[in-house]
Amino acid sequence: MNKVLYVVRHCQASGQQPDAPLTKEGKVQAKLLADFFSRIQIERIVSSPFVRAYQSITPLAENLGITIDFDDRLRERVLSTIMLPDWLEQLRQTFDDFDLCLMGGESSRTAMQRAVAVVDEILLHDAKVTLIVTHGNLMTLLLKYFNEQIGFAEWQSLTNPDIYNVVIGKGHVEVKRIWHE
């Protein structure tokens, strides 16, 4: 039997800090997400504990009467703990070299492994359809695990919010972007 995942990047936020809330536009986007998913049988929601992530999906959770399960492993990836004037180039390099680890940060491989660990647990859960809310970089790395063609270019093209559908069956995985602004 197939398991269906909806991997969601959070809506527009006021910053990158863990407690950065959604902007006014982000709150409108969260309502659009709730409308988008209103016709889909979501059984479970697992979210990053960052405010911008769970605020993005709270309207849907409330509409469906579902409790949001928080998982710290879905938090934003730390690229580095020092300011990087060329952070975009450094990020690109981490997609080319999965073991590259910048000062105080985590490698792409390490970040991917923690996201995959969440999915492994989701696959053991009874729910057939689970929505995951996370952050752009971690989302891209998770999707890359299922489809190696996904990389830096796909990260660059992500929007706030964004949604990918991942269908996992016996011997096959389908990954498809389903959000269109």
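Begin with the largest pocket, which holds about 670 Å³ of space. Of its 26 lining residues, select Gln16, Glu76, Arg77, Leu79 and Trp87, the closest to the pocket centre. On a 1 Å grid over the protein atoms alone, a pocket is an open set of points where a 1.4 Å probe fits, with protein on both sides within 12 Å along at least five of seven lines, and lining residues have an atom within 4 Å of a point. Grid points are joined across faces, edges and corners, and the volume is the space filled by probe spheres set on the points.

This is a predicted model, in which local features need pLDDT of at least 70 and side-chain atom pairs count only at pLDDT 80 or more, while totals for chains, interfaces and linings use all residues. Residues are numbered from 1 along each chain as its sequence is written, and side-chain values use heavy atoms, with hydrogens and water left out.

**The pocket lining**

Colour the lining by class: 12 residues are nonpolar, 9 polar and 5 charged. Here Ala, Val, Leu, Ile, Met, Phe, Trp, Tyr, Cys and Pro count as nonpolar, Asp, Glu, Lys and Arg as charged, and the others, Gly among them, as polar. Next, show helix H3 (87-96) and helix H5 (136-146), each of which supplies at least two residues of this lining. Helices (H or I, at least four residues) and strands (E, at least two) are DSSP runs, numbered from the N terminus.

**The two domains**

Select domain 1 (17-75) and domain 2 (76-118 + 138-149) in turn; the bounds come from an automatic or database domain assignment. The pocket lining draws at least three residues from each of these domains. Their centres, taken over C-alpha atoms, are separated by 23 Å. At the interface, 8 residues of domain 1 are in contact (heavy atoms within 4.5 Å) with 6 residues of domain 2.

**Helix H3**

Return to H3 and select Gln90, Leu91, Thr94 and Phe95, which are buried. Buried means under 20% relative accessible area, exposed over 50%, and partly exposed in between (1.4 Å probe, protein chains only). Helix H4 (108-124), H5 and helix H6 (152-157) are included in what covers these residues.

Go to Ala111 in helix H4. Ala111 is buried, at 0% relative accessibility. Not counting residues up to four places away in sequence, Ala111 touches Arg77, Glu106, Leu138 and Leu141.

Also in helix H4, select Ile122, which is buried with a relative accessible area of 2%. Apart from residues up to four places away in sequence, Ile122 touches Lys3, Leu5, Arg44, Val46, Thr130 and Ile132. Leu5 is 117 residues from Ile122 along the chain, yet their C-alpha atoms are separated by 9.0 Å.

**Two loops**

Move to Glu43, in the loop between helix H1 (24-37) and strand S2 (44-47). Glu43 is partly exposed, at 42% relative accessibility. Beyond its neighbours within four places in sequence, Glu43 is in contact with Ile66, Ala127, Lys128 and Val129. Asp126 lies 83 residues from Glu43 in sequence and 9.3 Å away, C-alpha to C-alpha.

Finish at Pro161, in the loop between H6 and strand S5 (162-169). A cis peptide bond joins Asn160 to Pro161, with omega about -5°. Most peptide bonds are trans.
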